[in-house]
Amino acid sequence: MAESVTITFTVNGEKESRIVSPSRTLLKFIREELNLTGTKEGCEVGECGACIVLLNGRPVNSCIVLAAELDGKELITIEGLAQNGELDRVQQAFIDHAAFQCGYCTPGMIMSARALLERSPSPSDEEINEALSGNLCRCGAYQEIRQAIKSCAKK
Amino acid sequence: MAVFDYLKCADLAEAGKMLLEEERIQPLAGGTDLMVGIRGGKFKVRAVLDLKNIAALKVLSEDEAGITIGAGVPLNDIVNFKPVREHLPILAEACHSIGTYSIRNRGTLAGNICNASPAADTAAPLYCLGALVNIAGPRERRSVPIEEFFTGPGQTALKKGELVVTVLIPKPYPTGKGIYLKASRTGSVDLATVGVAVQSYGNEVRIALGAVAPTPVRAKSVEKAVNIDGVKDWAQAAQLVHADISPITDLRGSREYRYHIAEVLIRRGLEQTMEV
Amino acid sequence: MSAYKFLGSDVPRKDAVEKVTGSAKYIEDLHFAPMLYTKILKSTIAHGLIKRIDTTKAEQYPGVKAVVTGKDFPNRAGLYLVDRTYYAVEKVRYWGEPVAAVAAVTEEAAAEAVNLIEVEYEALPAVFDPREALKPGAPLVHENLAEYERVPVFYPQPGTNIANHFKVRKGDAEKGFAEADLIVEREYYVPQMQHVTIETHKAAAMWSLDGRLTVWSTAQSPNVVRQILAKSLGMPLNKIRVVSNYIGGGFGGKAGAAMEGLVVPLAKKCPGKVVRVVFTREEDIQGSFTRQALYARLKTGVRKDGRITALEYHMVWDGGAYTEYGVNIIRAAGYSSTGAYDIPNVKTDSYCVYTNNPIGGPVRGFGMCEMQWGLERQINEIAAELGMDSLQVRLINGMKDGSTTASGQEVQHVAFDKCLQSVADYVGWGEKSGKYRGKGIAGLVKAPAQPSNAASSCIIRINEDGTVHVLVGASEMGQGMLTAMSMIAAEALNIPVGKIEMRVPDTDFTPYEWQSVGSRTTYCLGHAILRAAEDVKKQVYLITAQVLGLPADELFLDDDTVYWTKDKSKKVSLREVADSCKKCSGEGIAGPIIGRGSYVPTKMTNLDPETGQGKPGLFWTFGATAAEVEVDPETGKITVLKLATAMDAGQAVSPQMCQVQVHGGTIMGLSTALFEEVRLNQGRVLNPNFTDYKIPTIENTPEIKGIILETPEGDGPYGLRGVGEQPMIAVPPAIANAVADAVGIKMYTFPLTPERVWQAIQDQEKTNRTP
């Protein structure tokens, strides 16, 4: 049995090579080995969305992806959004609209929103619902989140 | 999380060999059911075999035979595949009703049917569309009609060493409207309490249901009434579904409610797809 | 326009940048090394004796550093009724009760090892329905109830399963019913729910070799955790340090000392190492406080003109296996049992009853959602029987200035009528809805349920450059404490919010705060901040007086400068005053400026044990919700068309954050109205995951209208009062009242799942068919 798997990948723009345990989830790997703790754990079974990251540009639940599957791929986490000390416009919109309370779901929420705006720059309500229905927010900031995303829409 | 090995393979032959020879090995495509199953103890695996490198599983195409959907294709890609949207909107709807957007970036159609939940959202439309499941095994390849693929809750026709390569939706495509109606507790991300697919083929209808029997089922009695006996009163036809299903009571709904909802959704499906 | 310089305007949240960039640190994000991982062995029966525990194999498993059972920490702990041990001792009382635990170098090793612990039980008869548990001869959940220490305002009855019985006898209920033209009596049921904060419960502990204990926890109440641990460990408070970072949602679930004690005995066996436990989602739903289920019987007497003359409220609460916190919920529900209405004659009996179900405890609303469900439903039934408009009946009986609560406490600064009217207007009250559509309204009231001496305190440090650090012990769990408190400090000091810094609590450094619960913080801590700011200004003016040679009482601080009120050109910078101020000669005047403020309520009283009369409420927050719904009569599915909640905040600290809170509370209320229920079978939770414990997604969220009223609270700092928990309270009855209006069905329980609504429609049709 293989004790470990070697993976090469890009994380937030940086090329990396690591040795991981074959049964390690991507979420645990990101949090405990890359020390990027912005990505959160809420259920471990892909139901809450707190762990959503972008894998090759697509939002995925990192708790049900294996770290080994990261090989050859591009990973973006919440820490990778702000560039040169400037917040991403989605991040700024979340602040402007107070689109969170406890903030625990926020990283996953922002990653989903970011991916949505990439594929649909002026999303409809229906598209927002579709893109974010996998991100649970127990504080119930959904109304503000919707407004924040809409404010990012390209006119 | 349990400790297990992560294996890769280059092609179908190698995959088949590994699946046949290794004990406690599970194929990994999207992993959205597998990883949950491993965590919950449903699968006690020694290793997972990642199939995503196999080219044959990445196919998503249309040809004279119909639409071929590779076992490694994420649900979102199926939803967005133009021929599916154009010719099989019922399948696009059902794929879209599974899980969440991020789950659909990983989860696959093959995974949905291999998990073999009686409530699998894609099953009822696939039943209506007469889908064929193409299976690769260590010695031979075979095609199984979707209705023979499901053999019980969590049980499929797959034998040790076999894996699903593609699902074919054969031509001719349906000529009439098709609709997948899903009743659930929240109406958002949720499992089906009852799922109903109603697909018109012009004068004929095909109807299938999920979450009302040990496997997805065709509503044969309703179909007969509409297609053969010429019943035009959809409410009357829908009532006949009681003979086709055997729902249970669980957290998502009672047996009685499921009987009732199956009937309501079939009637609504007929109203929305069939000309009177 | 706000009457204040900073209050009432919107500023970006203090935690905003950290939270949108992923740099906000929650407990699990802290890096500990070396760290041990914990897995807990849970009881597999609901009630029984532990005959044998064998931990040998687990101890020998590679990587295991410690194994504990109930023997290692048998001391009882609890907030109000000290009835609980962190690990079961001799007996288990609920399915999933912690029995033993393992700490190991990896999570995998801990998980493997914990399953090697062998436990033998002798099952005892169990009881899962509190009404059964009240009957003579019911299995006793706690045999030694008489021995348990308790706060004296709770009344357990040894030899029974009654953990607390709270009584209200106001006026003369019998006479009140005699005066009534109509008496309505019904039973109502509210099931258990869970907080399901997206961050589950987590804690870590470390014993230093010098005997100090440090605990990191998702606690809403670090000081209470410290106090309860100190008491159960027999340690002085200064040897225990409790740190609570950002919390990923609380809603009461992380109040009290929820689960920190689980890692403490493990840590004791591994000095110098941090031992951490992270609840899985399943453990969180099964093993943390649930909302107590309520079986209620409510009887109301009313005159033909709509005036309620008497109320009799019988409440039986499912306290679960331990009620250390729950005893106070049933008390609060008791002394608030007339809801937002002025009812002269009241007889209430509220029982907290032990069962072998999961532990009941605080959940947003603290008994008010459960208690006001029946009340607000019954008002509609009264209105229907009298042929009156239900809003009218609410307005006739609603509390006004000078009204008295069930406990006879007079309320002031009340604008309940405006709350009702504003939400009614929003849904177009009185205008006919379409077919299968209906409108409903419900009122609400809630006071913080806190001990009469629950205190707050604050330290303000003026830095050498005139910027400010405010130290408080309140927790930031999303409610916006850091921002709101910074704004209050800004207003009180007259220094802009941007110059004020505030951090999350650490009991070694931040001053005492009872708990961040009950929507009390803004009010109580707000007072402490005001006092600390006054203390700062006093010092600033005394120093400035010496520098400028002017009377101290003729000076004022504005941002970075202290001015003479009579001539603004006579001034000195705060920087100069604060930086160890000295005279021209070089002689020092004063050192660093540190202000202190503390607050304890002085007007609350204990309640009479026989009549429940007294003053339990620090302030009473009123509000109302109205809804318009459409019901699909064939499937039972409810679609919410319009939803509005009005809250009287007294003074909104930040209108934007207030709105977010009102929207969020309303959604949580809607969620409980439509989806949420902990499904139990013989005490075992059947739906400990998001697959079957459903909460709303963005797709389930209608546009919510939040209406903030500002009727200043007389004693509140800047007239404000708390609004955090309240917005969810009236949502379930408002929705159910709307459903009744739409399709005529009467719901006595919620959630109003499609199946339940469909069933009620079936039952009604059956009743209508039988003459």
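These questions and answers go through parts of a predicted model.

Visitor: How many helices and strands does chain B have?
Guide: Chain B has 276 residues, and 56% of them are buried. Its secondary structure comes to 12 helices and 14 strands.

Visitor: Why is chain B said to be as compact as a globular protein of its length?
Guide: The C-alpha atoms of chain B fill a box of roughly 55 × 45 × 30 Å along the principal axes. For 276 residues the globule rule gives 19 Å, and chain B is close to that value, so it is as compact as a globular protein of that length. The radius of gyration of chain B is 19 Å.

Visitor: What share of the contacts in chain B join residues at least 24 apart?
Guide: The contacts considered are those between residues at least 6 apart in sequence. Among these, the share joining residues at least 24 apart is 61%.

Visitor: Which helix gives the most to the side of chain B that touches chain C?
Guide: In this contact, 15 residues of chain B meet 18 residues of chain C. The side belonging to chain B has eight nonpolar, five polar and two charged residues. Three residues come from the helix that gives the most, residues 255-273, which is H12 of chain B.

Visitor: Which helix gives the most to the side of chain A that touches chain C?
Guide: Chain A puts 42 residues into the contact and chain C puts in 43. Four helices of chain A each supply at least two residues: H2 (89-96), H3 (106-119), H4 (125-132) and H5 (142-151). The helix that gives the most supplies five residues, and it is H5(A).

Visitor: How many charged residues are on the side of chain A that touches chain C?
Guide: By class, this side of chain A has 23 nonpolar and 13 polar residues. The charged residues number six.

Visitor: At what angle do H13 and H14 of chain C pack?
Guide: Two packed helices are described by the angle between their axes and the distance between the axes. In chain C, H13 covers residues 481-493 and H14 covers residues 521-548. Their axes are 9 Å apart, and the angle is about 35°.

Visitor: In the contact of H13(C) with H14(C), how many residues are nonpolar, polar and charged?
Guide: H13(C) passes H14(C) in a right-handed crossing. H13(C) contributes residues including Met481(C), Ile488(C) and Leu493(C), while those from H14(C) include Thr521(C), Gly526(C) and Val536(C). By class, the contact has 12 nonpolar, three polar and no charged residues.

Definitions and conventions: Residues are numbered from 1 along each chain as its sequence is written. Chains are lettered from A and ligands numbered from 1 in the order in which they are written. This is a predicted model: local features need pLDDT of at least 70, side-chain atom pairs count only at pLDDT 80 or more; totals for chains, interfaces and linings use all residues. Axes are lines fitted to C-alpha atoms, for helices over the stretch in contact, and angles run from 0 to 180 degrees between N-to-C directions. A crossing is left-handed if the near helix is turned anticlockwise from the far one by less than a right angle, and right-handed if clockwise. Two residues are in contact if their C-beta atoms, placed from the backbone, lie within 7 Å. Ala, Val, Leu, Ile, Met, Phe, Trp, Tyr, Cys and Pro count as nonpolar, Asp, Glu, Lys and Arg as charged, and the others, Gly among them, as polar. The radius of gyration is taken over C-alpha atoms; the globule rule is 2.2 Å times the number of residues to the power 0.38. A residue is buried if 20 or more other C-beta atoms lie within 10 Å of its own, exposed if 12 or fewer, and partly exposed in between; C-beta atoms are placed from the backbone.
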